[in-house]
Amino acid sequence: MKRTRSDEGDAIDVVGALHSWATFERAGDEKRAIGDELGAYAAYGASVKMCVDVPSRVFLKLALAWRRASRLSADSGEREAYERTLKAGLRRATREADDDVDDGIVDVEKRASVVGRDRRVRAIGGQLALLYCQDGREAEAAQTLTFLGYEYRLGQRVLRYDLEHAAATSERIPRGVMHAYDGCLSPAMLASLRRAFAKDAAFWREHDYANPKTGFFSYVHELDGAPMSSPVMRRTVELAREIAAREFSAVRDAKYAEWWAHCRPACDGHQCHFDSHNEGLGVVTHPICSVIIYIDGSCGGPTLMTNQRAGDRALATKCYLMPPRDNRVAVFDGTFLHGVVPGRINEDPALRRVTLMVAFWPEMDVVRESFPPGSARAFPERALEYPGGISWPNDFYDSVDEDEDVKDDIGTVEVDIFAQAHAPWEKIRVPRDDASDEDDEDDESMPAYDA
């Protein structure tokens, strides 16, 4: 039987070692699926530390769990250890990709280009590049991204956003793009939402939210029929509609309100996208407008809004960053490209950025069956029992103080949103000793959106 040696010099049975890393990986996957990031980090870490021939995907899973479960503070040396793990995973992924390249490709540069674009290499290499970007190590970021075959990226002042959120111009965001207000929900309403969407609430657990394989799911309420049976969502949707009507009067004629939610650690972002029905599958339609309610805005990166609209041929030329804050409500036109920037710091890994999104529609196709979860499901009516023993709907039938008109709950403090002093995208430039100012100017050109 073939034998190899670990870094410590101990003989290890290869078959046994392969079994061990797979066992640790499965244990990490199970922990990750229930949101136990610390447990996942320990299991994936044991796989990498104790086993040989560990595939790059385990290094990637370890890195993602590590970011979510730790502060990764530089002063403790942990950030350096994290970087070493990413580099080790990238070396492994590069070897895996190179093994799969056609032997007929002998040109070194062409072979390197194929390897750099391999999905395994890009997955973990992208995490290393993000670390460099967030730490301001622009030359290393550019070299890594160029190896991965990228030509453009989110700008350095987007990914390395100002932690004080002061790096902006005096140019306000145009009317009808995005508006935000603080202190919108009454203490009673905010408390009801925080119970229903608490980090350990049944809602997340019973939707298998932490499992990476879980897809998008949302719930829909009809607005022109009988009053919504859920007191919590009735008050929340009424409030969201009233705020939205300040800038988007058409929401008063909306027939449907669709909502979904997220509960994410500070380091997680959200890909840039346009709001659309069923994630744009089939015929693409957009809501009248969308609303973000920051139930817990104590951590995480800012919301990124751009001036690039669905259907535009040109990439965005302006961007706006709005930091999360408890009890903040933002309303925006979902046909503009937007997303969430990954958080730069993770002061307390136990915190979560909890947001509730509400989109208003003039018409939409609603799936009348509430279960199983999926896109645009009818919100479940109150029942003594639900299929499969689930219980999360009960948290949305708590009583809410109905004595005041919903308009009395709306905050009057509008948040100033200013344009950043740069475009959201930039061309990747690897520093060259012979680079000229003219070269730098040429590098600023951007391709068409569908190039």
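## Cysteines

The sulfur of Cys272 lies 9.8 Å from the closest cysteine sulfur, that of Cys319, which is too far for a bond. The structure accordingly holds 0 disulfides (pairs of cysteine sulfur atoms within 2.5 Å). Cys272 is partly exposed, with a relative accessible area of 29%, whereas Cys289 is buried at 0% (buried means under 20% relative accessible area, exposed over 50%, partly exposed in between, with a 1.4 Å probe and protein chains only).

## Basis of the values

This is a predicted model, in which local features need pLDDT of at least 70 and side-chain atom pairs count only at pLDDT 80 or more, while totals for chains, interfaces and linings use all residues. Residues are numbered from 1 along each chain as its sequence is written, and side-chain values use heavy atoms, leaving out hydrogens and water.

## Aromatic pairs

The count comes to 23 aromatic pairs (rings of Phe, Tyr and Trp, the last by its six-membered ring, with centres within 6.5 Å; planes under 30 degrees apart are stacked, over 60 edge-to-face, the rest tilted). Phe203 and Trp392 have ring centres 5.3 Å apart and planes at 85°, so the pair is edge-to-face. Both Phe203 and Trp392 are buried.

The rings of Tyr219 and Phe379 are also edge-to-face, because their planes stand at 80°, with centres 6.1 Å apart. Tyr219 is buried at 0% relative accessibility, and Phe379 is buried at 7%. Ring pairs link a cluster that includes Phe203, Tyr219, Phe379 and Trp392.

## Charges over rings

The charged end of Arg122 sits over the ring of Tyr150, 4.1 Å from its centre (NZ of Lys or CZ of Arg within 6 Å of the ring centre and within 35 degrees of the ring normal). Arg246 lies over the face of Tyr181, at 4.5 Å from the ring centre.
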